[in-house]
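Please keep the structure in view while reading the points below.

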Amino acid sequence: MKKFDFGMVGLGVMGRNLLLNMADHDFSVVGLDLDAEKAASLEQEAQEKHQIKGTTDVKEFVNLIEKPRAIMLLVPAGKPVDSVIGSLLEHLEEGDIVVDGGNSYFPDTDRRVKELAEKNIHFFGMGISGGEKGARFGPSMMPGGDKGAYERLRPIFEAVAAKVDGEPCVSYLGSGSAGNYVKMVHNGIEYAIMQLLAETYDLLNRGLKVQDKRIQKLFDQWNNSKELESYLVEITADILNQDDPLTDKKLIHLISDTAKAKGTGKWTSQNAMDIQAPVPSIDLAVNMRDISKYKEERISASNIYNWEAQKDLDLEAFLEKLKDAFYFAMITTYAQGMAQLHIASKEYNYGLDLEEVSKIWRGGCIIRASVLENFRKAYRKNPELPNLLLDKDLAADLNSKQSAIREVLNTGISLGIPLSVYGTTVSYFDAYRSEILPTNLIQAQRDYFGSHSYERIDREGTFHTEWED
């Protein structure tokens with residue numbers, strides 16, 4: 001019986017496209033789905049690619065795969081993952097490898113790694129970014145698990161991953177749940193940059209009444225610049241250029257402003273607080289999606305609170321400053337996410353190499369951008385760099401753009417346009433660059449009402465004061 005190189009459980013859009021991608025690179029693959037139509041359509045779509053097979057039978061599926069077996073799950077996170085693992089276990093053998101390619105919460109991955117290790121089966125959590133097109137033609141992939149077992153997966157993953165300068169956008173990241181954790185932070189950064197782009201659009205559209213064509217052209221120009229070339233800027237330009245087939249308007253004006261989310265941004269913020277890694281730009285991006293859900297309340301508030309402001313400015317000169325401001329906010333947002341990875345790597349013993357993370361994010365993934373090559377260089381110079389803001393080359397760029405983001409923020413405030421992520425990036429930057437913060441007052445307040453004590457700057461030890469006396 002012919003043995004296949006790789007198995008996939010879940011033949012939805014992502015699973016099917018990833019298998020077709022593998023077949024394009026001459027790997028034989030088999031897919032499992034309880035939906036017989038999906039299993040059959042996989043083989044039909046493959047056409048002349050005879051190295052693809054679909055099945056609905058778990059036992060047949062497992063037996064068709066070359067040992068040690070490499071099986072990926074692309075099913076919804078949570079209970080479905082555990083259910084699929086349970087159905088596979090009675091057919092697996094020692095040394096087999098199971099890879100969860102979904103957006104699983106990293107503590108769940110740690111639990112599964114431990115549970116399967118007791119049966120001498122390797123479990124990997126692997127973030128995949130790039131959507132259905134990326135899965136078909138080259139995603140960014142973030143695997144974490146047993147380093148030795150990764151060698152069974154590496155040739156396949158490196159072949160199908162996106163390539164930048166000939167380098168695959170996949171790399172072994174670390175032990176346990178390292179892969180899922182990196183993908184979680186990737187999504188948190190994604191939330192914040194999307195919000196930055198939305199705020200930029202709002203400032204131009206609602207605040208400065210700039211015409212649609214001019215705004216679309218601006219984002220297109222940004223994407224064709226060395227500094228701001230990125231996937232999210234690119235698709236923003238495309239979105240703003242889309243006509244509505246049902247009316248004579250641009251489609252963007254007919255889309256609801258109540259945003260949805262799947263929770264990965266929230267996970268990033270929650271865990272950042274657990275490990276004391278400040279990521280306020282991500283926090284605010286999550287909050288703004290939450291605020292968007294209260295549409296009726298926002299309508300009521302808009303009828304209570306009025307603010308009409310006139311802003312006389314040189315639009316073309318302002319747009320140049322806006323470009324610098326966006327760059328400043330984008331870099332500062334990435335810096336927060338990368339700093340979280342630095343802290344988490346020590347907290348969870350991942351052993352993350354942030355140069356590698358920067359490398360595999362350069363292509364395939366949603367937050368891919370030209371600036372990631374600069375981050376890679378920064379971490380190559382100093383692998384233990386705790387925060388990108390401390391890199392001298394990036395610092396020179398940010399110093400030259402400080403005045404621009406402050407002016408843009410002032411303009412937004414004067415117009416009554418919420419620039420939450422713009423504002424918090426400036427506050428984060430100002431706090432991080434402050435040798436002295438007013439938290440000495442907070443220390444004193446805590447001691448005043450709760451006798452929590454405080455430290456002094458002129459001598460060792462902890463102290464308490466009877467403040468009311």
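Axes are lines fitted to C-alpha atoms, for helices over the stretch in contact, and the angles between N-to-C directions run from 0 to 180 degrees. The model is predicted.

**Annotated domain**

- An unreviewed UniProt entry assigns residues 179-468 the feature "domain: 6-phosphogluconate dehydrogenase C-terminal".

**Helix α8 with helix α14**

- Helix α8 comprises residues 178-207 and helix α14 residues 315-348; their axes come within 10 Å and cross at roughly 165 degrees.
- Because angles over 145 degrees count as roughly antiparallel, α8 is roughly antiparallel to α14.
- The crossing of α8 and α14 is right-handed.
- Sorted by class, the residues in the contact of α8 with α14 are 21 nonpolar and four polar, with no charged residues.

**Helix α8 with helix α18**

- Helix α18 spans residues 420-432 and packs with α8 at an angle of about 115 degrees, the two axes being 8 Å apart.
- From α8, the contact draws on Ala192, Gln195, Leu196, Glu199 and Thr200.
- From α18, Ser420, Val421 and Tyr422 take part in this contact.
- By class, the contact of α8 with α18 contains four nonpolar, three polar and one charged residues.

**The seven-stranded sheet**

- Seven strands form an open sheet with mixed pairing, in the order β3-β2-β1-β4-β5-β6-β7.
- Strands β3 (52-55) and β7 (140-144) are the edge strands, each pairing on one side only.
- From one strand to the next, the twist averages 25 degrees.
- Strands β5 (residues 97-100) and β6 (residues 122-129) run parallel and are joined by four bridges.
- Opposite phenylalanine 123 in β6 stands valine 98.

**Helices on the sheet**

- Helix α4 (residues 79-89) packs on the sheet and touches β1 (6-9), β4 (70-73), β5 and β6.
- The direction of α4 makes about 150 degrees with that of β4.
- Helix α5 (residues 106-117) lies across β5 and β6 and runs at about 150 degrees to β6.

Technical notes
Residues numbered from 1 in each chain as written. Predicted model: local features only at pLDDT ≥ 70, side-chain atom pairs only at ≥ 80, totals over all residues. Heavy atoms only, no water. Helix = DSSP H or I, 4+ residues; strand = E, 2+ residues; numbered from the N terminus. Parallel < 35°, antiparallel > 145°, perpendicular 65-115°, else oblique. Left-handed = near helix turned anticlockwise from the far one by under 90°. Nonpolar A, V, L, I, M, F, W, Y, C, P; charged D, E, K, R; others polar. UniProt positions renumbered as here; feature names shortened; annotations may be inferred. Pairing = 2+ DSSP bridges. Contact = heavy atoms within 4.5 Å.
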